[in-house]
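User: I'm new to reading protein models. Could you walk me through this one?

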Amino acid sequence: MAVRAARDNLERTFNPYRFTSAKSFRHWLDYEQYRKQLILKKVHPFIVVSDVTNFFDSILHSEVSNTFRSFPIPSRLIGILFFLLERLAIRADYSDSPRIGIPVDEFECSRTIANLVLFAHDRRIVELVGSEAYVRWMDDQAIGVNSRADGIKIVAALGSSLAKLYLTANAKKTRVLSLREAGLHFHLDTNALLDSLEGRVSSRSRSRRALVRELVGIWRKASRQADHGEWEKIQSRVYRLAGLTRAKFLRKRAVRDIMRSPTLTERVADYMRCSGPAADYLKFVKRVCGHKQQIHEDVELILTESLLRLELTGARARSVLNLAIVLTKDVAALKKSFVFASPACLLIARFGDRRSRGHLRRCFSERTVPKPPHLIRASAIVYATYGQREFSEVRKVASMLLSNPLALMVRIVWRTQKLDTVPDRFKSRLSVRRDSVMGRHYIDMRTLISARLLMLNRRRTVRKWVKDWVKQAGRQKISAFDRRLLAKLVA
């Protein structure tokens with residue numbers, strides 16, 4: 001059976017796709033392997049592929065409500081869910097909630113809710129084709145059929161079924177593929193070569209130069225089918241392997257690839273960061289952000305976040321610090337979105353020193369011009385981690401604000417100071433992360449800020465736990481720059 005064969009082929013390694021847990025990644029990989037079995041084992045001579053147009057943004061809150069009615073869930077819990085959906089909805093100031101769309105979060109809540117909404121759609125399609133011929137990962141669907149005519153009928157059934165949920169099938173990505181067409185669409189041959197190369201890269205069975213030559217050869221073959229089918233996934237895999245092997249052959253086309261496929265930004269940024277000096281990467285970020293075709297806010301946000309991974313000192317560190325200060329001023333003047341407030345303040349904490357505190361203090365204390373609440377909170381949190389005196393200043397400012405975005409933050413820090421021991425929910429936040437492209441562990445700045453907040457607690461047990469965590473993190477394979485950050489934490 002296809003399902004059994006897929007499970008047998010399930011890889012044990014946690015590949016570097018953006019999932020917040022290994023379990024979520026394995027579910028996705030299970031889907032990918034099962035879909036491959038539909039083609040390779042010739043369970044069906046044709047396969048229908050489709051997904052939903054603007055899936056997360058198109059889900060009606062009423063459909064979420066209808067879905068949850070079929071589960072024995074307390075009404076108060078459902079009420080909390082819809083309260084959060086209403087509060088997190090994107091809308092203009094002083095306007096009603098559109099009651100549509102699920103915000104994408106980092107804890108997989110949105111994935112779970114969206115998955116539940118499509119259960120009714122799953123049942124309708126399974127009744128038509130059977131459970132062995134249908135597989136879905138979120139909105140991405142693959143259906144095995146016996147002929148092209150049956151495939152066209154299933155496409156019509158997909159549209160009709162999704163319409164009952166007020167969703168629309170993506171016409172551009174919906175196709176009926178023969179086995180040969182599916183092989184080209186999913187680049188099966190290229191993926192097989194990349195799988196083999198990835199194993200050699202992880203085992204280090206060959207020299208770096210030999211691996212780079214092999215990767216270049218695979219890229220040249222794959223480029224014959226450029227822009228066909230799932231080409232972006234091939235690009236993403238090649239960029240990652242190029243970063244692992246420190247190959248240089250993609251650096252000249254990196255900006256062009258981001259302009260053509262903004263969804264590749266994070267992977268391309270990781271490659272550029274790992275395959276060249278940090279100074280060159282800083283120039284790359286400025287070049288992309290200043291490009292006349294760069295109109296996507298999320299691209300600039302990803303690149304800004306990526307600066308938190310640079311390890312710079314001296315004049316180059318001051319250059320990034322000045323960039324972060326300008327960014328906070330732009331957020332304060334509403335020239336930039338509030339989402340840039342957090343990474344900008346973290347950049348100041350990473351590349352600044354105690355002299356940078358003055359700018360952070362002005363971000364939340366000056367009241368001559370109203371500032372976005374996100375900037376006030378982000379700057380205050382980072383400023384408070386410098387010590388007890390700084391936190392006292394934050395409390396004083398919070399006590400004088402009429403519209404108070406700092407009240408909850410002050411209460412959280414105050415309760416943190418009263419802890420007798422470090423709770424498990426806090427311990428889970430302090431973890432050393434692994435850079436899948438650089439191939440080593442690193443200290444995330446948000447983790448460091450959480451540890452600095454804990455150090456405001458004067459109890460011996462809490463401070464001892466933090467010091468033990470620093471020692472444990474220091475045993476990992478981290479850079480000298482990260483070791484200095486940890487040393488400052490317990491100094």
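**Cores and a helix**

Analyst: Start with the largest nonpolar core, which has 96 residues; Tyr281, Phe284, Phe351, Val394 and Leu406 have the most contacts inside it. A nonpolar core is a set of buried Ala, Val, Leu, Ile, Met, Phe, Trp, Tyr and Cys residues joined through side-chain atoms within 4.5 Å. Buried means under 20% relative accessible area, exposed over 50%, partly exposed in between (1.4 Å probe, protein chains only). A second, separate core of 20 residues includes Ile59, Ile102, Ala114 and Leu118.

This is a predicted model: local features need pLDDT of at least 70, side-chain atom pairs count only at pLDDT 80 or more, and totals for chains, interfaces and linings use all residues. Residues are numbered from 1 along each chain as its sequence is written, and side-chain values use heavy atoms, leaving out hydrogens and water.

User: Which residues does Phe284 touch?

Analyst: Contact means heavy atoms within 4.5 Å. Not counting residues up to four places away in sequence, Phe284 touches Ala254, Val255, Ile258, Val268, Ala269, Met272 and Leu303.

User: Which residues of H8 are buried?

Analyst: Helices (H or I, at least four residues) and strands (E, at least two) are DSSP runs, numbered from the N terminus. In H8, the buried ones are Gly151, Ile154, Ala157, Leu158, Ser161 and Leu162. Looking down the axis of H8, they fall within an arc of 125° (taken from the directions from the helix axis to the C-beta atoms), so they line one face of the helix.

User: What do those buried residues of H8 pack against?

Analyst: Strand S1 (46–50), helix H7 (119–129), strand S3 (140–145) and strand S4 (175–178). The face turned away from the buried side of H8 carries the exposed Ile152, Lys153 and Ala156.
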